[in-house]
Amino acid sequence: MASWEMVVRRLFGKNVTKQQQKVFILRVKKLWSKKGEHVSSDNSSREVNRVTDTVVSDSRPVQFSPNRVENDTSFEENFSLKNDEVSQEVRYWSPLHKCSDSAVFVLPKKEWDLVYGSVEGRYAKNKDWTDIVRTALKASNSYCSFGFKSHRWNKPTNSKLVFTCQGKCRFDTCQRTFRIDLKELDSKEFQVSYKGEIKHRMNTVVACPLKGSRRAELKNTLRHVAAREQHSESIKKLSEDVFESGNRDLAPNETVLKKARQEARKIQVLDESEMGALQKMFHRQRENSVGEKLPGVLRKWSGEPRSVMLWSEETLRIFHDRTQFDAAYIDATGSIITGVAKEKPFYAYEIVVRHPHKGRAPIAVGTYVANSHNATSIKHFIGSFKSDANKVCGKTRPRLLICDGSVPLIQSVLAEFFEESLETYLSRCFYVVTGTATAEMLAKPFLYLCGSHTMKNMKNLASLVKKRRFSC
Ligand SMILES: [Zn+2]
């Protein structure tokens, strides 16, 4: 039978696992690299007697019995491996210098108080004690990832040992075990005795569980940092020999970090119903800020149309101060809430002012998130914002506003901020352009349309005219 047919059967047979495929490919590659031109013909495989393997991740013998072809045994002869051959290839890691079999550590006062303060009966109730002790053990052995089997606290009067605990390395091939004894309470000196050889399988990594305050601290970091970035940062901090040992206690893998990040970013909802949660949030912010005219940032909300308005006393003051001599911007953006089926899209409307310091990001002083985008809805937002600004800072009217070409937005800004209709505003603009405007007309605020949007609109209009003239 042709060798190629056998190769295909070995690789793509029904019951061949990926591991078996990988091993098979490695063997064939090595065979071909050794034999070069001799392995090109059908009968070349018969010329090869032995093949060695470099697979280190699995010490079990590899067999292709599910797809074995009874009549052809050439591949079985040439590619099958004996148990000793493979087991010899599995590589292990051991530290370059022998680790000491005894050590002593003293817990810092903060950690000691945390652990000893939580002892009830014979056990410490603070679950961080394992992390605290594990960290202390790293001074004498940073290669093993230790797990704890048992621990016990005794009353100093009843026993010679105040504290004792035992455990072993999590690597299944490692024989390293430890025992920790605290003999005198006053000295706080924990005596560590190690036994067994340190022997980690190469290309295997092990980490202790991420829990307790360590997980909480990492969650805070992960709010603003991607899991992959955090993982690579942790790996960079590992020393070369610790990295090679496979101990990842200080560098949890990406899956664990992603889960912690999801937990960190999960919003704590005050109530199951949306309206109930907003109501509770509103009451809570009133309780927390006594004496303020406008407590918190949540101003108004409604169930139909679904909307929420956000600004604070502080942002209103910024708006008042900045608009005395600078422009304010108003714009809307979509795609802020996705995955809400059978509902109108939500837009976020923002009133923005420039930051007082050049080069810094603009400041959003008022936000309106809604799924209704008509002039009435936007007028309600701008009217409420202006009313609160007047309440906090006195009469507030921006001298110059910039927005895009959206007609509902233009109408709403003119009606609420400028207190005039689109028609009267256009006629005022006409008088200004023709040089016949009165001082009263010039003293009123002006609305600019964004240059980028205007150019785009002009381009579209021009293309329409061009089509009409030349297309037919
Ligand atoms: Zn170990």
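**Exercise 1. Determine which residues of helix 14 and helix 15 meet, and describe how the two helices are arranged.**

Solution. Begin with the residues in contact in this predicted model: on the side of helix 14 they are Ala375, Ile378, Lys379, Ile382, Gly383 and Lys386, and on the side of helix 15 they are Pro408, Leu409, Gln411, Ser412, Val413, Ala415, Glu416 and Phe417. Next, sort these residues by class, which gives eight nonpolar, three polar and three charged residues for the contact of helix 14 with helix 15. Then turn to the geometry: the axes of helix 14 (residues 375-393) and helix 15 (residues 407-418) come within 9 Å and cross at roughly 35°, and the crossing of helix 14 past helix 15 is right-handed.

**Exercise 2. Work out the strand order of the seven-stranded sheet, and identify what packs on it.**

Solution. The seven strands form an open sheet, whose pairing is mixed and whose order is 10-11-14-13-12-15-16. Reading that order from its two ends, one finds strand 10 (298-303) and strand 16 (446-449) at the edges; each has a single partner strand, so one side of each is left without a neighbour in the sheet. From one strand to the next, the twist averages 15°. Within the sheet, strand 12 (residues 328-333) and strand 15 (residues 400-403) run parallel and are joined by two bridges, and Tyr329 stands opposite Ile402 of strand 15. Finally, helix 13 (residues 313-322) packs on the sheet, where it touches strand 12, strand 13 (347-353) and strand 14 (363-370), and its direction makes about 120° with that of strand 14.

**Exercise 3. Trace the largest nonpolar core, and state which elements supply its residues.**

Solution. The largest nonpolar core holds 29 residues, and those that touch the most other members are Phe319, Ile330, Ile351, Val365, Phe381 and Val413. To see one member in its surroundings, take Ile330: once its neighbours within four places in sequence are left aside, Ile330 is in contact with Tyr349, Ile351, Leu401, Cys403, Leu409 and Val413. There is also a second, separate core of 23 residues, among them Val115, Ile132, Phe163 and Val192.

**Exercise 4. Describe the five-stranded sheet and the helix that lies across it.**

Solution. The order of this open sheet is 2-8-7-6-5, and its five strands pair in antiparallel fashion. Its edges are strand 2 (102-106) and strand 5 (146-153), and since each has a single partner strand, one side of each is left without a neighbour in the sheet. The twist here averages 20° from one strand to the next. As for the pairing of strand 5 with strand 6 (residues 163-169), the two run antiparallel and are joined by seven bridges; Arg152, for example, has Thr164 in strand 6 as its bridge partner. Helix 7 (residues 129-137) lies across strand 2, strand 5, strand 7 (177-182) and strand 8 (189-195), and runs at about 115° to strand 5.

**Exercise 5. Summarise the protein chain as a whole.**

Solution. Count the elements, which come to 18 helices and 16 strands. Then consider burial: 20% of the 472 residues of the protein chain count as buried. Lastly, take the contacts between residues at least 6 apart in sequence, of which 62% join residues at least 24 apart.

Definitions and conventions:
Residues numbered from 1 in each chain as written. Predicted model: local features only at pLDDT ≥ 70, side-chain atom pairs only at ≥ 80, totals over all residues. Pairing = 2+ DSSP bridges. Helix = DSSP H or I, 4+ residues; strand = E, 2+ residues; numbered from the N terminus. Axes fitted to C-alpha atoms, helices over the stretch in contact; angles between N-to-C directions. Left-handed = near helix turned anticlockwise from the far one by under 90°. Nonpolar A, V, L, I, M, F, W, Y, C, P; charged D, E, K, R; others polar. Buried ≥ 20, exposed ≤ 12 C-beta atoms within 10 Å, placed from the backbone. Core = buried A, V, L, I, M, F, W, Y, C linked by C-beta atoms within 7 Å.
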